[in-house]
Amino acid sequence: MERITWNQYFMAQSYLLKSRSTCERLAVGAIIVRDKRMIAGGYNGSVSGGVHCIDEGCYVVDGHCVRTIHAEMNALLQCSKFGVATEGAEIYVTHFPCLHCTKAVIQAGIQAVYYSEDYKNDRYAIELLQQAGVVVQKVPIEMEPLQVEQKELVSQMLDKLESYGDPEIKELREKAAGSFIHLNR
Ligand SMILES: [Zn+2]
Ligand SMILES: [Zn+2]
């Protein structure tokens, strides 16, 4: 089995967190890493104890859902809540951070931002990150955690079909292989 890279490993963790999001507009996940260890994580969701967008619909003002706290912010706030230093840490986030989160990330002393998907990449955010000397790198996710499980399941089913001598097995395998390549929506 091929060994997963640190970048892919941490990015996959942020995708796992993304699946906990409660907002219907965009699901985002983020994790903060220091010395190759996850120190905090977050997804975009309501303030603790608040109603969820998935139950009550989004609270939209000027085209933005204002109910949720963004994933990056939640991860940073988890650090402040539990007294964990963020100076020199790195953040892995599923989508390019918005301007507000970018400012918070810089101010918290984060040194690198790894993101998987471009999302309205804010020009001023990019400028601020450059100014602060923060490393910004796009790390497209190769496979989301859920897809790893799905792929495993499909491959087991295909093996079973093959053991029954299914004549279409070759075609099915090709189809399956093609449907698991990608992933960047
Ligand atoms: Zn929402
Ligand atoms: Zn944000």
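1. Two residues are taken to be in contact if their C-beta atoms, placed from the backbone, lie within 7 Å. Axes are lines fitted to C-alpha atoms, for helices over the stretch in contact, with angles running from 0 to 180 degrees between N-to-C directions, and helices (H or I, at least four residues) and strands (E, at least two) are DSSP runs numbered from the N terminus. On these terms, helix 1 (residues 6-18) lies across strand 1, strand 2, strand 5 (90-95) and strand 6, and runs at about 140° to strand 1.

2. This is a predicted model, in which local features need pLDDT of at least 70 and side-chain atom pairs count only at pLDDT 80 or more, while totals for chains, interfaces and linings use all residues. Residues are numbered from 1 along each chain as its sequence is written, and chains are lettered from A and ligands numbered from 1 in the order in which they are written.

3. The chain holds seven helices and seven strands, arranged along the sequence as α-β-β-α-β-β-α-β-α-β-α-β-α-α. Its C-alpha atoms fill a box of roughly 60 × 40 × 30 Å, taken along the principal axes. Among contacts between residues at least 6 apart in sequence, 55% join residues at least 24 apart.

4. Five strands form an open sheet in the order 2-1-5-6-7, with mixed pairing, where two strands pair if DSSP finds at least two bridges between them. Strand 2 and strand 7 (135-138) are the edge strands, each pairing on one side only, and the twist averages 20° from one strand to the next. Strand 6 and strand 7 run parallel and are joined by four bridges; Ala112 stands opposite Val135 in strand 7.

5. A residue is called buried if 20 or more other C-beta atoms (placed from the backbone) lie within 10 Å of its own, exposed if 12 or fewer, and partly exposed in between; buried residues make up 29% of the 185 residues in the chain. A nonpolar core is a set of buried Ala, Val, Leu, Ile, Met, Phe, Trp, Tyr and Cys residues joined through C-beta atoms within 7 Å. The largest such core has 31 residues, of which Ala30, Ile31, Ala75, Ile91, Tyr92, Val93 and Val113 touch the most other members. Helix 1 gives the largest share, five residues. Leaving aside neighbours within four places in sequence, Ile91 is in contact with Ala30, Ile32, Glu72, Ala75, Val105, Ile110 and Val113.

6. Just after helix 3, Gly83 takes a positive phi of about 65°.

7. Asp35, with a phi of about 50°, lies in the loop between strand 1 (29-34) and strand 2 (37-43), and is exposed, with 8 other C-beta atoms within 10 Å. Lys120, with a phi of about 45°, is placed in the loop between strand 6 (112-117) and helix 5 (123-131); Lys120 counts as exposed because it has 10 C-beta neighbours inside 10 Å.
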